[in-house]
Amino acid sequence: MEHCALKCKEIIALGMTEYKLLQLAGSAVQHSKKEICASVVRRCIFHNLPFLDALPLALHSGGRGAMVQGKLVMLGTVHFMREKHIDVQYAIGFVRILISRGYIARIITVDGKLAGVLGFK
């Protein structure tokens, strides 16, 4: 049986372009070995998006993050974001729709503010 890698298939950007959201997320997780992070990196490469300088941060399970050009960029689950006291209520509808369609959903924040949602299959 052939291994099918997880793919970042849906990008819902809030307050910025999809490409900017993807570039920030990819830059933040570019050094992670997690499959979801690798999927974001592959999508950035596919779109020829350059990775920005990033300083990875040690975060608990459920999320990844880095300082990217002076901004705190995090990718994680709803639970992870709530543990960080980030208001993600606006994203819940998007997350539910993605999950109902068989996606794995992850939220992206920039400097503690909701920036978008990514869907993986």
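**Sheet, helices and selected residues**

Me: Which residue is the bridge partner of Ile104 in β6?

Reply: Helices (H or I, at least four residues) and strands (E, at least two) are DSSP runs, numbered from the N terminus. Two strands count as paired if DSSP finds at least two bridges between them. Strands β5 (residues 104-110) and β6 (residues 113-120) are joined in the antiparallel sense by seven bridges. Within β6, the partner of Ile104 is Phe120.

Me: What kind of model is this, and what pLDDT do side-chain atom pairs need?

Reply: Residues are numbered from 1 along each chain as its sequence is written, and side-chain values use heavy atoms, with hydrogens and water left out. The model is predicted: totals for chains, interfaces and linings use all residues, local features need pLDDT of at least 70, and side-chain atom pairs count only at pLDDT 80 or more.

Me: By what angle are neighbouring strands of the six-stranded sheet turned against each other on average?

Reply: The six strands form an open sheet in the order β1-β6-β5-β4-β3-β2, with antiparallel pairing. β1 (8-13) and β2 (54-56) each have a single partner strand, so one side of each lacks a neighbour in the sheet. Axes are lines fitted to C-alpha atoms, for helices over the stretch in contact, and angles run from 0 to 180 degrees between N-to-C directions.

Me: At what angle to β6 does helix α4 run?

Reply: Contact here means heavy atoms within 4.5 Å. Helix α2 (residues 35-46) lies across β1, β3 (63-68), β4 (71-76), β5 and β6, and its angle to β1 is about 80 degrees. Helix α4 (residues 92-100) lies across β1, β5 and β6, and runs relative to β6 at about 5 degrees.

Me: Is Thr109 buried or exposed, and what is its relative accessible area?

Reply: Buried means under 20% relative accessible area, exposed over 50%, and partly exposed in between (1.4 Å probe, protein chains only). Thr109 belongs to strand β5, a strand in which five of the seven residues are buried. Beyond residues up to four places away in sequence, Thr109 touches Leu72, Val73, Met74, Met81, Ile86, Leu114 and Ala115. Thr109 is therefore classed as buried, with a relative accessible area of 0%.

Me: Which residue stands opposite Gly76 in β5?

Reply: β4 and β5 run antiparallel and are joined by four bridges. On the β6 side, Thr109 stands opposite Leu114. The residue of β5 opposite Gly76 is Ile107.

Me: What is the relative accessibility of Ser39?

Reply: Ser39 lies in helix α2. Leaving aside residues up to four places away in sequence, Ser39 touches Leu6, Lys7, Cys8 and Phe120. Ser39 counts as buried because its relative accessibility is 2%.

Me: What is the N to O distance in the salt bridge of Arg42 and Glu35?

Reply: A salt bridge is a side-chain nitrogen of Lys or Arg within 4 Å of a carboxyl oxygen of Asp or Glu, and by this rule the count is one. Arg42 is partly exposed at 36% relative accessible area, and Glu35 is partly exposed at 34%. Their side chains meet with an N to O distance of 3.0 Å.

Me: What is the area of the nonpolar surface patch made by Leu55, Leu57 and Met67?

Reply: Patches are made of residues with over 30% relative accessible area and no salt bridge, joining like charges within 9 Å and nonpolar side chains (Val, Leu, Ile, Met, Phe, Trp, Tyr) within 5 Å. Accessible areas come from the Shrake-Rupley method with a 1.4 Å probe, and for residues only the protein chains shown count as cover. Leu55, in strand β2, is exposed at 54% relative accessible area. The patch formed by Leu55, Leu57 and Met67 has an area of about 240 Å².

Me: What is the phi of His85?

Reply: Most residues other than glycine have a negative phi. Asn48, exposed at 68% relative accessible area in the loop between α2 and β2, has a positive phi near 55 degrees. In the β5 and β6 hairpin, with two residues between the strands, Asp111 takes a positive phi near 50 degrees. His85, exposed at 74% relative accessibility in the loop between α3 (78-83) and α4, is not a glycine, yet its phi is positive, at about 60 degrees.
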